Protein chains: 2
Amino acid sequence: MIQVAVLGYGTVGSGVVEVIERNKELVNKKSGQELNVKYILDLWDFPGDPYEHKVIHDFEVIVSDPEVKIVCEVMGGVGAAYAFTKRALSAGKSVCTSNKELVAAHGPELLALARENHCHYLFEASVGGGIPIIRPLNDCLTAERIETITGILNGTTNYILSKMENEGADFAAVLKKAQEKGYAEQNPEADVEGYDACRKIAILSSLMLGKHVDYSKIYTEGITKITAQDFALAGKMGMSIKLLAMSKEVGEGKAMAMVSPCLISREHPLHMVNGVFNAVFVRGNMLGDSMFYGRGAGKLPTASAVVGDVIECARTQGKSNICFWDAKEADLVSIDEISRRFFVRVSDAGESQAKELFGDLEPVRADGAEGFAFLTEQLTEKAFAEKYAQLGEYALGRIRVED
Amino acid sequence: MIQVAVLGYGTVGSGVVEVIERNKELVNKKSGQELNVKYILDLWDFPGDPYEHKVIHDFEVIVSDPEVKIVCEVMGGVGAAYAFTKRALSAGKSVCTSNKELVAAHGPELLALARENHCHYLFEASVGGGIPIIRPLNDCLTAERIETITGILNGTTNYILSKMENEGADFAAVLKKAQEKGYAEQNPEADVEGYDACRKIAILSSLMLGKHVDYSKIYTEGITKITAQDFALAGKMGMSIKLLAMSKEVGEGKAMAMVSPCLISREHPLHMVNGVFNAVFVRGNMLGDSMFYGRGAGKLPTASAVVGDVIECARTQGKSNICFWDAKEADLVSIDEISRRFFVRVSDAGESQAKELFGDLEPVRADGAEGFAFLTEQLTEKAFAEKYAQLGEYALGRIRVED
């Protein structure tokens, strides 16, 4: 029997206990032995909960119990979670986590610590919830040079954008409804400003490059400025608007990474990813295009990924997972020199000015949408920004295009 | 350094050599040591080929060379490939394969032989070409009870159906063009009759159930009867037609499995899988819906998956892969009792007869399509077949619907 401790009895933590219990027979079979949750660490008590007798408040009990071989860190944050993870790994206990902030901030250090102590630091659930993406990148696509990773990595923003598109509603109205339904946090900043997606693309970029990508250096733009009018105009062009987290290798250990709303055409595989679903689109130099799709959040999908990692630890006790993610920082190039097309909205009065700046454009109009929109030719971010600034008061908005 | 032998220097075999060569640095890094192709076994010589000096004709050289630790069996078939695989595994050499026929026919025996000899039998490339699906099922979704697997597993038929849909062309015309372009074999039976997809869903079903699914017992229907008129009518209903390979757990170790053309709606994630792309849609009891998408065939994508397996063998020499696939045969239920909707085409003269048999139906007509089409309510296969037979000469065709 392998004893497991769960740190944090919130949504994911209770999901971990539920998955182990509900799929007990199968989980034990796959683990090669019985898994048992011995401790649940939380600040609170849970009177009446079927597992209330397992709830403790002192991490020392867990770290000093030699029976505990696997720790699920599903607390979140980079404070206690970081300290507890280091102590658990130092004690030779494998750690499985859904904590993207911690993985993004301290991944290489924690992986190295796991290796030193012959245990695992696994984080499948940190990106894409229940979608297998970390292990496919680390263990399956090993013969590939990964050229680009493009993800819809945040379920809340994808839900909001899908609703805006389907209902013709504006951002604020949809956000409010999403908050009422519990699909968005009361403080939605981490989601709607792209910070959550930024942590996740930092993790994927690090795995792509084998070097550490500092999330604080990733250009990140949220969805708060996207309007119903943008969707109406994009729709006329046969396109949708998604919050994309993108990373592209542009040379040995060098990458472009950014989080930004983008127009994508109906032909792009990510176009069909709607509602709370997430997907990661991966282009390799041998494989070409591939995509991994599923539920990027939610109690049971995320917990399922954590328990999958627990099973991996149980199967390979005394080993460390192979993960190429050096502490050495990757070179992120400025986005200024990146070329792409742009979707621009201009007031009707600005049409001649826009044509002077952007050449022979095709104006697209939609009912209820102010002015008109067009797509530029390929331009660098810098060149585009200069032209766009010259539109002055005629400019009504701009969104990147992902081709 | 690890020495590798490649059995069969055809499309996939030459791809394996190319991937190892072109991504050499990365492949060696991921393997933890240098990989070298020491032998290429083929019946033919390849004068002028850069690797002609590695080509040999005698398998005994490979099996008796203690330096060779990993064998890539990319010959295909169940004759020599079966014999060579058994001999290699018996000699403790890991085998990585793209050979779906052999895996489907003898998977459990070969996995057991690998375990006995402390080596691997890996077959990521046997299903879905370059798409990671075998390892995600075996190693990632381990905490899930997989409920259904629905795949577009054959690139040739998907290419043909996509062309028929986009061009309004009939099967025979599109097949002829596909043959001219080399996208379809001169003898296309294995693809267009669904036999290839059948082997692949047998493998996935076996992994889902942990028991052996005999592919010869899977109901298999090809795409040769699908017409341009079917697409026109399905399009009017907002649906497409795909060749689906389906497997559904219907009780402990029991499953329904079949290969059949099906109508699917625009909302289904598999709807966007066009051309030569493949995808595997997996529903788990915790995860819900997920999908794995990519190139299901082709030299380099398939070879990339084989080399990914080679890297896994290099990393874990002396170990055997964990794969729950007992020799014990799974119980496949008859499709007679499976319920679904059906798309039915009837001549105009048969409208009242159809309404008598199928109730209050909504006839759909399309330009150039004879008669009309409608969707039935949920019916068992058996009940539907009885009603359909009663349409007699009014019946113009029927296709299953996957909801």
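Contact, in these legends, means heavy atoms within 4.5 Å. The model shown is predicted, so that local features need pLDDT of at least 70 and side-chain atom pairs count only at pLDDT 80 or more, whereas totals for chains, interfaces and linings use all residues. Side-chain values use heavy atoms, with hydrogens and water left out, residues are numbered from 1 along each chain as its sequence is written, and chains are lettered from A and ligands numbered from 1 in the order in which they are written.

**View 1. The surface through which the copies meet.** Of the interface residues of chain A, 100% are also interface residues in chain B, so the two copies meet through the same surface. Chain A brings 45 residues to the contact and chain B brings 45 residues. About 4200 Å² is buried between the chains, with carbon and sulfur atoms giving 61% of that area; buried area is the accessible area (1.4 Å probe) that two parts lose on being put together, summed over both. On the side of chain A, the residues that lose the most area to chain B are A:Thr142, A:Met286 and A:Arg315, which together make up 15% of what that side buries.

**View 2. The axis between chain A and chain B.**

View 3. Strand β13 of chain A pairs with strand β12 (residues 288-295) of chain B in the antiparallel sense, over five bridges. Within this pairing, B:Tyr293 in β12 of chain B is the bridge partner of A:Met291. Strands (E, at least two residues) and helices (H or I, at least four) are DSSP runs numbered from the N terminus, and two strands pair if DSSP finds at least two bridges between them.

**View 4. Salt bridges between the chains and within chain A.** Two salt bridges are counted between chain A and chain B, where a salt bridge is a side-chain nitrogen of Lys or Arg within 4 Å of a carboxyl oxygen of Asp or Glu. A:Asp139 forms a salt bridge with B:Arg315, with the closest N and O atoms 3.3 Å apart. The elements α1 (11-22), α2 (24-31), α6 (134-140), β13 (288-295) and α12 (299-315) of chain A each supply at least two residues of the side of chain A that touches chain B. Within chain A, A:Glu18 forms a salt bridge with A:Lys299, the closest N and O atoms being 3.4 Å apart; this pair links distant parts of the chain, with A:Glu18 in helix α1 and A:Lys299 in helix α12, 281 residues apart.

**View 5. The six-stranded sheet of each chain.** In chain A, six strands form an open sheet in the order β3-β2-β1-β4-β5-β6, with parallel pairing. Strands β3 (55-56) and β6 (121-122) of chain A stand at the edges with a single partner strand each, so one side of each is left without a neighbour in the sheet. Four bridges join the parallel strands β4 (residues 68-73) and β5 (residues 94-97) of chain A, and A:Ser94 in β5 is the bridge partner of A:Ile70. Chain B also holds an open sheet of six strands, in the order β3-β2-β1-β4-β5-β6. There, β1 (residues 2-7) and β4 (residues 68-73) of chain B pair in the parallel sense over five bridges, with B:Ile70 in β4 as the bridge partner of B:Val4.
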